[in-house]
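Good morning, and thank you for coming. Please keep the sequence and the structure in view as I speak.

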Amino acid sequence: MAEITFSPAVWYTLLVVLVVTVLLNKLLRSLFSSSHAAGLNLPPGPWPLPVIGSMHCLLGSLPHHAMRRLAQRYGPVMLLRLGHVRTVVLSSPEAAREVLKTQDAIFANRPLYVTMDIFTYGGQDMSFAPYASRHWKELRRLCATELLGPKPVLSFRPIREEEAAGLVRAVAAAAAAAAVDAGEMIKVLMNDILMRCAIGDRCPMRDEYIAELDAALRLLAGFNLVDLFPTSRLARALGAGSLRAAREVHERLHRITHAIIDYHESNKKAAGAATDDHGRREDIIDLLLRFQRDGGLGITLTTQVLSGVLFDVFAAGSETTATTTIWAMSELVRSPVVMHRAQSEVRQLLQGKTRVAEADIQGRLPYLQMVVKETLRLHPPAPLILPRLNAEPTKILGFDIPEGTTVFVNAWALGRDDKLWADASEFKPERFEYEAVDFSGADFRFLPAGAGRRMCPGVMFGLPNIEIALASLLYHFDWKLPGGANPSELDMAESSGITARRKTDLLLEAIPHICPPHGSEP
């Protein structure tokens, strides 16, 4: 029998394969041996690859889409390993209830990713401050009552009405020449409302702040390599460029915030119920400066804390309301029957008035409110609720969750689950005529603002902005796709990012129905 020989290249290839095989086995053992040795019943999930873990399972689609697809295979409590980070994804109301209600205190902290750490001054804002700290509790109370509670929301009514009337005039002017970029106009509206409520009508730094905030949101989309490989020097080196960019944007935001605060301090009036020429009370900066000056919180409101709170308000406030309103208009254009019913409701209520006043529509447009709920069911602005981090080992639906696990609730998957909603993929606002569902976070099928201790405190601030924008657009105009295109042809793809925005511009033809008033007077 002839002797079998191999060339040096073949031997080299075999040696490389052998070494790689040994390393793979060692890495896989290191990933799982400690858990199995301890007898843990970890949640099921895709088999992780060395180093990258389960990240390859998320390639090719948006994370919340890929996680839903994987959950349909592995179950509503699913374990992923994103790099070196143990991550659990929840996709059922029962699992969400466990984390957001039953064990809310255990899961009350959030992982502080490196880019967010920069923009929040090390978690000195409200969204990412440690749960057990007095700092978080006092900021939460401040936001829920003084900044975004019922009384300040009511005081900002004139701003919402003026800006909504301005939107109508802008649409009417643009519609005379061409198709309207409804999405861009809605973004401008929501930014203007929030900026006026937060830093006043005439603050000269508004535009600069908005530009830097947009840059910050782009940098915050996705993970930095350091988040996925916290102990890796290589990840730190490769991720240094984006962190440097984040620090530069943060420095500019910090300087602008300082300038805004100085502007307010130089123009502030005597303490008390100061009013401006629009008849509204203090803006949000005025309120923060008053608490900084007079105390009463039990914590010191440093300039860094003020800046962190403002970043929360701006980053969450305008982005989520704009995204929701744009998706609502998209769904209405795709559903002419729903559009007609919503328009008929607001037009019958207002009976030919020249502008939409909040006092006329508050609580009197039930079908429009159903449209908003149905939009949030299909298009929650944050499809993956901001992550939680467990402070101690625990269980979710019988599965062991080791301490320090990152947990996401896939609100987008919950809203599209056929087991939870009849005709889940269809836009049917009338379903909420019989579904006793609100925004309190009590129904774990419907979590557009989260639930529990870390629920978004700005819901009652954002909803009036959405309602008056939609009511104004539906009252004053009829809407259709340019060129007589079939409504079903409207592209509904989502873009990647912190929020689930439309991927393409919302270009529509606006046909005037009720002529808007001229100028800024009612």
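I begin with a term: a residue is called buried when its relative accessible area is under 20%, exposed when that area is over 50%, and partly exposed in between, with a 1.4 Å probe and protein chains only. Helices, likewise, are DSSP runs of H or I with at least four residues, and strands are runs of E with at least two, numbered from the N terminus.

The model is predicted, so local features need pLDDT of at least 70 and side-chain atom pairs count only at pLDDT 80 or more, while totals for chains, interfaces and linings use all residues. Residues are numbered from 1 along each chain as its sequence is written, and side-chain values use heavy atoms, with hydrogens and water left out.

Let us turn to helix α13, residues 284-294. Its buried residues are I284, I285, L287, L288, L289 and F291. What do the buried residues of α13 pack against? Their partners are α5 (134-147), α8 (182-199), α12 (240-267) and α14 (303-334), where contact means heavy atoms within 4.5 Å. At the start of α13, the backbone nitrogen of I285 has a side-chain oxygen of D283 within 3.1 Å; a polar contact is a pair of N or O atoms within 3.5 Å, and within protein one must be able to donate a hydrogen and the other to accept it, with residues adjacent in sequence counting only if both atoms are side-chain atoms. After α13 comes G295, with a positive phi near 75°.

V51, in the loop between α1 (8-37) and α2 (63-74), has a phi of about 70° and is partly exposed at 46% relative accessibility. Q351 lies in the loop between α15 (336-350) and α16 (358-361); its phi is near 50°, and Q351 is exposed, with a relative accessible area of 62%.

Finally, the cysteines. How many disulfides does a search of the whole structure find? The search finds zero, a disulfide being a pair of cysteine sulfur atoms within 2.5 Å. For C143, the nearest cysteine sulfur is that of C456, 9.6 Å away. C143 is buried at 4% relative accessibility, and C57 is buried as well, with a relative accessible area of 13%.
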